[in-house]
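Reader: Hey, I'm new to this one. Can you walk me through a few parts of it?
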Amino acid sequence: MGAEKLNRIEYEERTDKEKDSSHVLDSTYTDEIVIALCGQLGTDLKFIQKTLYDCLTEDYGYDCEEISLSSYIFEKKGIPAPKNAYDRIVKGMELGNQLREEFSTHILADYAIQHISDTRIQETKQTDIEKGKFQSRRKCFIINSLKHPEEYRQLQKTYENAFYLLGIFSPYEDRHKSLQKEFHKKDCDKIDTLINRDTAEDIQNGQKVEDVFVHADYFIRTSSGVTDITEKINYFLTLLFDYGINTPTLDERAMYQATSAGANSACLSRQVGACITDADGNILSIGWNDVPSFGGGVYQRGKSEDERCYKTGGCANTLRKEKIVNTITSILLKENIIDENRVEDTAKILKKNGFKDLIEFARSIHAEMHAIIIGSQNTARKMIGGKLYCTTYPCHNCARHIVLAGIKEVYYIEPYRKSLCMELHKDAMTEQESETNKVRILMYEGVAPKSFMKFYQLIKDDRKEKVGKGEDKKKLSPKHRISLRALHEKEAITVKYIESKEKNRKELENK
């Protein structure tokens with residue numbers, strides 16, 4: 001190494017030591033962001049990706065790069081992607097599952113991380129890499145799209161506050177029509193099966209879009225005829241960069257209250273929260289799923305002797321279903337309909353077909369019912385014409401109460417496959433946004449409750465300085481950033497893992 005180069009490094013090290021430690025730490029942070037998309041099969045994610053790309057490059061001066069996870073599948077398997085749309089999707093699912101089984105459930109996210117790391121290293125001098133010094137980049141990687149929850153978790157662990165997930169919802173009918181346009185006529189009768197497989201495949205390494213979607217930081221609802229997608233994405237970016245002064249919508253405020261209420265629940269199955277507003281958006285009541293307590297309300301810590309399921313032997317609904325299955329198999333055995341060696345198989349068949357969906361034997365009142373009862377007690381007729389926000393799609397038991405209460409709109413985040421709402425109450429309920437003569441059950445749109453504080457809470461008191469002053473978007477840094485020194489080390493863990501796994505695979509192939 002030349003004397004001149006050595007002196008420069010010594011000078012940099014010396015000046016770093018002389019700088020205030022806070023300034024040195026600040027200098028390690030980057031403007032880089034990673035945004036991943038998630039939407040069920042048939043959703044036009046390419047349009048969302050392009051709109052996001054255009055807004056970031058034109059308005060915020062970002063260098064954007066698109067990463068297609070599906071391209072890794074065919075590339076790593078060394079197989080060309082079929083030209084036929086149906087064949088390409090099916091083959092991609094099969095090969096993706098194989099990769100997850102061979103490596104890990106987050107392997108496709110690992111490949112994206114490896115690529116992002118490689119681009120940064122290519123732009124950095126070797127001496128700076130050795131010292132852990134990297135330059136901030138005004139760069140965004142847009143990943144299309146996540147299919148497994150472990151892919152989300154791997155990206156979130158690596159990029160933390162610099163990582164965002166967009167959940168894009170499109171109605172089933174729109175997605176079905178979109179796929180019909182892409183597929184040959186002979187493949188159109190397979191669309192339903194393919195959509196269900198993509199949504200929640202019943203194997204560990206399979207497609208589980210439904211389980212990824214609920215982790216989104218921001219939800220966007222699209223449907224045929226919607227023209228304000230650019231506006232929705234622009235608002236998301238406004239929050240990401242803390243541009244101007246922003247406050248929550250009525251929907252965001254209500255869903256945040258619903259999610260907060262759900263945290264009260266001690267239910268062994270899941271925590272669900274609900275919030276009811278009047279027609280003007282004023283909050284009337286909240287509720288959560290839990291066991292009713294004598295005297296009114298539900299069991300709460302410190303309120304009374306706790307007699308909930310976790311204290312009394314397990315989920316009452318699960319125990320009752322097991323008891324029914326055991327009773328039926330005993331009767332079948334006694335009547336010589338099955339023999340002893342078929343008892344276990346019969347029990348498995350019963351549990352899998354129908355019994356697993358029974359919800360009638362739970363001790364807990366559901367969050368929606370809880371909120372409706374409390375709201376009715378406290379607000380008289382104000383609930384009529386109001387809205388219900390629930391963290392989970394309502395079940396058919398709650399549906400009848402929602403209709404009876406006069407609620408006109410229901411918003412949810414997490415799907416609930418056991419629900420028979422539309423089958424039993426299609427006369428009074430609809431999932432179509434255009435129908436206004438029924439209770440509309442709609443996917444929630446806006447800031448996810450988990451990111452409510454991240455987007456809306458002040459991290460520095462500079463609002464007075466913003467008033468009356470135009471901010472240059474192309475000079476704004478993201479509201480939340482991550483240190484490059486920590487980031488490089490975390491990415492290196494993933495890169496080493498991939499290299500090790502691929503080396504082992506090659507060694508096995510050569511044996």
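Predicted model: local features only at pLDDT ≥ 70, side-chain atom pairs only at ≥ 80, totals over all residues.

Reader: OK, at what angle do the axes of α9 and α10 cross?
Author: Roughly 120 degrees, and the axes of α9 (residues 172–182) and α10 (residues 191–199) come within 11 Å. Axes here are lines fitted to C-alpha atoms, for helices over the stretch in contact, with angles from 0 to 180 degrees between N-to-C directions. Helices are DSSP runs of H or I with at least four residues, strands are E runs of at least two, and both are numbered from the N terminus.

Reader: Which residues make the contact?
Author: From α9 there are Y172, R175, H176, L179 and Q180, and α10 brings I191, D192 and I195. Contact means heavy atoms within 4.5 Å.

Reader: And how does α5 lie against α10, roughly parallel or roughly antiparallel?
Author: Roughly parallel. The axes of α5 (residues 85–102) and α10 cross at roughly 30 degrees and come within 12 Å.

Reader: Who meets whom there? Which residues of α5 and α10?
Author: Y86, I89, V90, M93, E94 and N97 of α5 meet L194, R197 and D198 of α10.

Reader: Switching to strands: is β12 mostly covered or uncovered?
Author: Mostly covered: five of the five residues in β12 (residues 439–443) are buried. Buried means under 20% relative accessible area, with exposed over 50% and partly exposed in between, using a 1.4 Å probe and protein chains only.

Reader: Which residues sit on which side of β12?
Author: V439, I441 and M443 are on one side, R440 and L442 on the other, and both faces are covered. In a regular strand, side chains alternate between the two faces of the sheet.

Reader: How many bridges link β10 and β12?
Author: Four, with β10 (residues 409–414) running parallel to β12. Strands pair if DSSP finds at least two bridges between them. Y412 has M443 of β12 as its bridge partner.

Reader: What about β11 and β12, how many bridges?
Author: Two bridges join β11 (residues 429–430) to β12, and they run parallel. T430 stands opposite R440 of β12.

Definitions and conventions
Residues numbered from 1 in each chain as written. Heavy atoms only, no water. Parallel < 35°, antiparallel > 145°, perpendicular 65-115°, else oblique.
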